[in-house]
Each structure stands twice: as structure tokens, then as C-alpha cells.
Amino acid sequence: MGFFEKLKQGLSKTASSISSVFTASELDDDFYDDLEESLIVSDLGMDTTETVMDRLRQTVREQHIKTVDEAKIALRAILADMLNVGDSGLRLDTKPSVILVIGVNGVGKTTTIGKLAHQLRDQGKKVLLCAGDTFRAAAVEQLEVWGQRCGIRVFKGPAGCDAAGLCYDGLTEAVRQKDDIVFIDTAGRLQNKTGLMDELKKIVRVIGKVLPKAPHATLLTIDATTGQNALSQVQTFKEMVDVTGLVVTKLDGTAKGGILVAVAEEQPSPIHYIGVGEGIDDLDVFNAADYAKNLLEL
């Protein structure tokens with residue numbers, strides 16, 4: 001099964017919930033009430049759902065829309081517009097370009113790094129993976145597995161070593177080896193927010209001493225299955241570092257596909273990639289129009 005088939009299948013629960021509303025015969029109060037309820041259930045949340053409904057009603061009035069099918073097309077355009085937050089492409093012109101990957105434990109940071117590294121290596125890029133989550137041995141081992149699988153070097157240190165110091169040494173090595181891309185994996189322990197914030201800020205400060213404009217991208221990875229909790233994660237990490245874009249994982253296992261709309265509306269950041277499984281090719285560039293289309297099963 002290809003990526004887009006997996007995405008469509010992953011969003012089918014969300015799509016069926018929303019699309020069932022469009023079997024209505026007319027655009028009456030019952031239709032709007034049912035649509036509002038289905039959007040909330042799909043994890044757009046109360047505030048974002050209210051914004052969507054206001055925009056839809058306005059569009060229906062202004063464009064003199066009379067049929068449910070026309071309203072569905074209008075809703076697709078509204079969702080696509082809301083999801084389109086900035087440029088979804090990554091600008092990796094510096095050599096080496098440093099990509100800092102952040103997020104709570106368990107959202108798929110290391111897997112995302114492996115998949116992206118594989119794509120870039122296939123494009124002819126020389127890639128280094130830096131094991132900056134020094135707190136969890138399992139994270140380092142998982143990164144090494146991806147390195148072996150993709151034929152990519154992994155820079156690591158002893159268990160429990162200073163993460164910022166390791167990143168400094170790793171980036172220094174990348175400059176010496178003339179690498180094109182450096183991925184930095186990080187810890188994601190939110191139990192002690194202050195400690196994590198201090199660590200991330202120190203990593204950013206230290207790698208900036210090796211390359212003044214590094215990191216060139218800071219990607220926050222969020223798990224779609226966590227629903228509205230993803231919103232608070234985006235807010236929390238934005239307080240810590242300059243998040244340049246998002247990667248949304250596990251869209252193959254959720255009925256909460258609307259969370260991307262909520263995040264785009266309430267915590268705007270470009271969505272760069274979406275993931276639909278554990279396979280090496282189950283990550284692709286985000287496309288707002290395609291996503292909105294799949295949300296409505298058009």
C-alpha cells in the first residue's frame with residue numbers, strides 16, 4: 001500500500017464522521033449542528049470548530065451556495081486554507097545544515113529522523129545522525145539501528161553524558177567530514193519542564209558556536225493520536241526554542257485527523273511532513289489541499 005492510500009485509510013474514521021453529515025438534503029440548522037458536532041469529535045476543538053463554522057456560513061452567504069455538495073467543496077477550501085501555514089518545504093542551503101528534532105518521548109522523533117535521513121541520503125546528501133538524547137540508552141540504540149539500516153554514520157557519547165557537549169563535538173566532526181546534513185535527536189522529558197528547557201537552550205547556544213546560524217531548522221514532532229494534547233505540546237516547546245516547523249506522526253492510527261487544523265489555527269507553524277506508519281517510506285511532505293480532501297473523503 002502506497003503512502004497516499006495509507007493516509008486515506010488512516011483518515012477514514014475522521015472522514016466518515018464528517019462526510020456522514022453531507023448526506024443531509026438541505027443546508028438547514030440541523031445540518032450545521034451536525035457538522036459542528038462532527039468537527040469537534042474529529043478533534044478540531046471548540047475554538048477552531050467555531051472559526052470553521054463561521055467561515056463556512058459566511059462563504060455560503062457570499063457565494064449563494066444552495067446545495068450540500070457545494071457546501072462540502074467550500075468546506076474543503078476553508079480547511080485547506082487554514083492548514084496552509086507558511087512554506088512546507090525545508091530550506092537546507094547551508095553546509096552542513098543542522099536539523100534539531102524535538103518533542104516528548106514516544107511521539108516518533110527518532111523514527112522521523114531515520115526516515116528523513118534515508119530520503120536525504122537517497123538524494124545524494126552526506127548525512128550525520130547525532131544522538132543527543134543521552135538520557136535514554138534505548139534512544140541511542142534506536143538511532144544506531146536506523147544508521148545501520150540506511151548506511152548513515154551516528155555520532156554518540158557515553159550514557160548520561162552532557163547532551164550539549166556531545167552535540168558540539170558531533171557538529172565539529174560534521175564540519176570536518178564535510179557533511180551536508182546533521183540531524184540532532186533530543187530528549188523529551190516534560191516531567192521536569194525547566195530542566196528540558198535549559199538543556200534545549202544550551203544545545204542551541206553551543207551548536208551556534210560551531211555554526212553561527214545553527215540550527216537551520218527546528219522540527220517539533222507531535223503524535224496525532226494524542227489529539228488536543230498536541231496543542232499544549234506545541235505551545236510548551238515554542239516557549240523553549242524557536243520552532244520552525246512540525247512533523248505529525250501516527251496519522252494511520254487515529255480518528256483525530258482534525259487536530260492538524262486545530263494546531264495550524266491556534267499554534268501556527270508550517271507542517272513539513274506527515275507520517276502514516278513505521279515503514280521507511282511512510283513519511284511524506286505535507287500538502288494542505290490533499291489533506292483537506294482526505295479529511296472530507298472527496
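Biologist: How do helix H3 and helix H4 pack, at what angle and how far apart are their axes?
Modeller: Helix H3 (residues 29-41) packs with helix H4 (residues 45-62) at an angle of about 145°, and their axes are 9 Å apart. Helices here are DSSP runs of H or I with at least four residues, numbered from the N terminus. Axes are lines fitted to C-alpha atoms over the stretch in contact, and angles run from 0 to 180 degrees between N-to-C directions. By the way, this is a predicted model, where local features need pLDDT of at least 70, side-chain atom pairs count only at pLDDT 80 or more, and totals for chains, interfaces and linings use all residues. Residues are numbered from 1 along each chain as its sequence is written, and side-chain values use heavy atoms, leaving out hydrogens and water.

Biologist: Which residues make the contact?
Modeller: From H3 there are Tyr32, Leu35, Glu36, Leu39 and Ile40, and H4 brings several, including Met46, Val52, Leu56 and Val60. Contact means heavy atoms within 4.5 Å.

Biologist: Okay, what about Leu35, what else does Leu35 touch?
Modeller: Not counting residues up to four places away in sequence, Leu35 touches Ile18, Val21, Phe22, Met53, Leu56 and Leu75. Leu35 is also among the residues with the most contacts inside the largest nonpolar core, along with Leu83, Leu260 and Tyr291.

Biologist: How many residues does that largest core have?
Modeller: It has 78 residues. A nonpolar core is a set of buried Ala, Val, Leu, Ile, Met, Phe, Trp, Tyr and Cys residues joined through side-chain atoms within 4.5 Å. Buried means under 20% relative accessible area, exposed over 50%, and partly exposed in between, using a 1.4 Å probe and protein chains only. Helix H5 (residues 68-83) gives the largest share of this core, nine residues. Another core, of 24 residues, lies apart from it and includes Val127 and Ile280.

Biologist: Is Cys150 buried or exposed?
Modeller: Cys150 counts as buried because its relative accessibility is 2%.

Biologist: Last one: which residues meet between H10 and H11?
Modeller: Ala230, Leu231 and Val234 in H10 meet Ile259, Ala262, Val263 and Glu266 in H11. Those helices pack at an angle of about 35°.

Conventions
Helix = DSSP H or I, 4+ residues; strand = E, 2+ residues; numbered from the N terminus.
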